[in-house]
Amino acid sequence: MDDSIPTTQVDVAIVGAGPIGLCFANALSRQGVSSMLIDRQPRSAMADPGNDGREIALTRASQQILDRLGVWSGIDPAERARMRAAKVFDGQSLFAMEIAPGATRDDPLGCLVPNRVIRRAAYGALQPEAPGAGDILWRDEREIVRFQANEAAVDIELGSGERIQASLLVAADSRFSTTRRAMGIPARTYQHGEQMLVCRMHHDEPHDQTAWEWFGYGQTLALLPVDTHCSSLVLTLSPEAMAQQLALSDAAFDADITRRFEDRLGAMRRIAEPHCYPLVSVYAERFVGHRQALIGDAAVGMHPVTAHGFNLGLQGLARLAELIGGARQQGRDIASPALLRRYQREQRLATGPLFAATLAIVGLYTDDRPPARLLRKAVLRAGETAWPIRRLIAGHLTRSAS
């Protein structure tokens, strides 16, 4: 690096200004810790993100974290779809295991908010006029070309030539994180060999504010309740089958989806353009390095079947921000090995069992061989009759943030 170029000093440099990166910068500012957001996209794309078709299921704990960050108030109540319960189906059986929050069926299990709405609100909460917003340094349309962690700081150079010195470098740049690779942190990547299609559908019959997870044969279907007669469809197929699906005319697409759901919600009609994504799960072998840390999908990229990826990301950033804030208040190093080890230990305990369980569920319920079909039906029946299992799952979804 050229020593003649001025260096910008900041406490934490964050790569990735998606909703997790934005919320992390927000949480740090409320702890009196300065941060810089570095992202390839322009600020205009952060302020008004396009529709990617995804709906995010938010637990009560996540809603509380977003509320503390001033993000929840920036989400129009009309964009918050109440989710009363969830049903899990297998094959062509009409039987379903229902997951609801305890004895009161009217208590919401959570709510669904479009991803673009969360991103827009997270960006808005960082603007100078927002209540409680701190000073955030922005480096949009930029990327890191090199960095080096030493004993006291991380020296960073951007493609523009600007030099930055931070106490901590944090990767929040997706499950395909280039920053994680540059840190030399390996990750276990699970290619599920399927693609996921998402789009909103109108249906004749109401969904009773209930999400559906339907493990069919050769496909997995999900419906996330948006409005009384509107749901977000999630369809997973092989790449070959998905290509055929996307090639259908509008009328043929509607008829096909109605058929796939066996007319259980009446005629279905697409009301938004579909979006398609590869299904890949990622779990980093380490969440930290020397003055380096991973948050969000860069640390844990969950399979969407349990709808917990964003929730775990929020819990992780809140955990790391609290540790950093505590160290700052006590005059200690905000990126000490002990602090980062504690973050890693707590976040792995919070994510590891659920990640492993999710992979097991995906493996069992996408295996169409006869022995697996029998086992999955037995597991579904056991989950319905053993009320503690359903209560445990519902409790995980509805618990409050500490």
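How are α3 and α8 oriented to each other? In this predicted model, the axes of helix α3 (residues 60–68) and α8 come within 9 Å and cross at roughly 50°. Angles under 35 degrees count as roughly parallel and those from 65 to 115 as roughly perpendicular; α3 and α8 are therefore oblique to each other. Their crossing is left-handed. On the α3 side the contact is made by S62, I65 and L66, and on the α8 side by N311, L314, Q315 and A318. By class, the residues of this contact of α3 with α8 comprise 4 nonpolar, 3 polar and no charged.

The protein as a whole has 402 residues, of which 52% are buried. Its secondary structure consists of 11 helices and 20 strands. Among contacts between residues at least 6 apart in sequence, 73% join residues at least 24 apart.

Helix α8 spans residues 309–329, a run of 21 residues. From its first C-alpha to its last, α8 reaches 30 Å, close to the 30 Å expected at 1.5 Å a residue. Most of α8 is covered, with 16 of its 21 residues buried. The helix is followed by G331, which has a positive phi, near 70°.

Helix α3 likewise has buried positions, namely A61, S62, Q63, I65 and L66. These buried residues of α3 pack against α8, and also against α1, β3 (55–58) and β7 (110–114). Just after α3, G70 adopts a positive phi of about 75°.

Helix α1 (residues 19–29) also packs on α8, with axes that come within 9 Å and cross at roughly 25°. That angle makes α1 roughly parallel to α8. The crossing in which α1 passes α8 is right-handed. The contact involves P19, I20, C23, F24, A27 and L28 of α1, together with F310, G313, L314, L317, L320, A321 and I324 of α8. The residues of the contact of α1 with α8 divide into 12 nonpolar, 1 polar and no charged.

The crossing of α1 past α4 is left-handed. In this contact P19, L22 and C23 of α1 meet N115, I118, R119, A122 and Y123 of α4. The contact of α1 with α4 contains 6 nonpolar, 1 polar and 1 charged residues.

G16 is located in the loop between β1 (7–15) and α1. The relative accessible area of G16 is 7%; a residue counts as buried under 20%, so G16 is buried. Apart from neighbours within four places in sequence, G16 is in contact with G21, L37, I38, D39, A172 and D173. G16 and E143 are 127 residues apart in sequence, and their C-alpha atoms are 9.4 Å apart in space.

R260 is placed in helix α7 (residues 250–260). With a relative accessible area of 14%, R260 is buried. Not counting residues up to four places away in sequence, R260 touches W214, Q219, L221, L235, L237 and Q245.

V145 belongs to strand β9 (residues 144–149). The relative accessible area of V145 is 45%, and this residue is therefore partly exposed. Residues up to four places away in sequence aside, V145 touches E157, L158 and G159. V145 and L158 are 13 residues apart along the chain, and their C-alpha atoms are separated by 5.4 Å.

Notes. Residues are numbered from 1 along each chain as its sequence is written. This is a predicted model: local features need pLDDT of at least 70, side-chain atom pairs count only at pLDDT 80 or more; totals for chains, interfaces and linings use all residues. Side-chain values use heavy atoms; hydrogens and water are left out. Helices (H or I, at least four residues) and strands (E, at least two) are DSSP runs, numbered from the N terminus. The expected span of a helix is 1.5 Å times one less than its number of residues. Buried means under 20% relative accessible area, exposed over 50%, partly exposed in between (1.4 Å probe, protein chains only). Axes are lines fitted to C-alpha atoms, for helices over the stretch in contact, and angles run from 0 to 180 degrees between N-to-C directions. Angles under 35 degrees count as roughly parallel, over 145 as roughly antiparallel, 65 to 115 as roughly perpendicular and the rest as oblique. A crossing is left-handed if the near helix is turned anticlockwise from the far one by less than a right angle, and right-handed if clockwise. Contact means heavy atoms within 4.5 Å. Ala, Val, Leu, Ile, Met, Phe, Trp, Tyr, Cys and Pro count as nonpolar, Asp, Glu, Lys and Arg as charged, and the others, Gly among them, as polar.
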